Amino acid sequence: LDFGCGSGRLEQQLVAEASRLEIHGCDIDAKSIAWLRANASPPFHFHWTREEPPLPFPDEHFDVVVALSVFTHLPSTWRVWLE
């Protein structure tokens, strides 16, 4: 899971792996998610999320979660995501 995928920069680097991995991205920016769904899905899966938990996945759904420069963009809700 790319938590806070934004414009999908990380996913652009994972195109070759997408044929053998299930790669998801989520973000609070609905316009970015709409664009990614229209232009990069498949092979990737993108989900819009609110600024506060929960995510639309059960606990322990992902083997790896990456969050690159995300929590600085969530000044009032970063703590609830980490909890």
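Visitor: Where is the place of S69?

Guide: Keep in mind that we're looking at a predicted model. To place S69, look at the elements on either side: one of them is strand 3, and helix 3 covers 78–82. So S69 sits in the loop between strand 3 and helix 3.

Visitor: What is the phi of S69, roughly?

Guide: S69 isn't a glycine, yet its phi is positive. The value is about 55°.

Visitor: Is S69 buried or exposed?

Guide: The relative accessible area of S69 is 55%. To count as exposed, a residue has to be over 50%. S69 passes that cut-off, so it is exposed.

Visitor: Which value is phi of E60 near?

Guide: E60 is found in the loop between strand 3 and helix 3. It's a residue other than glycine, but its phi is positive. That phi is near 65°.

Visitor: And is E60 buried or exposed?

Guide: Its relative accessible area is 80%. Since over 50% counts as exposed, E60 is exposed.

Visitor: Which residue does a cis peptide bond join to P42?

Guide: Omega of this bond is about 15°.

Visitor: What is omega near for the peptide bond from P53 to P54?

Guide: P54 is found in the loop between strand 3 and helix 3. The bond from P53 to P54 is cis. Its omega is near 10°.

Terms used. Residues are numbered from 1 along each chain as its sequence is written. This is a predicted model: local features need pLDDT of at least 70, side-chain atom pairs count only at pLDDT 80 or more; totals for chains, interfaces and linings use all residues. Side-chain values use heavy atoms; hydrogens and water are left out. Helices (H or I, at least four residues) and strands (E, at least two) are DSSP runs, numbered from the N terminus. Buried means under 20% relative accessible area, exposed over 50%, partly exposed in between (1.4 Å probe, protein chains only).
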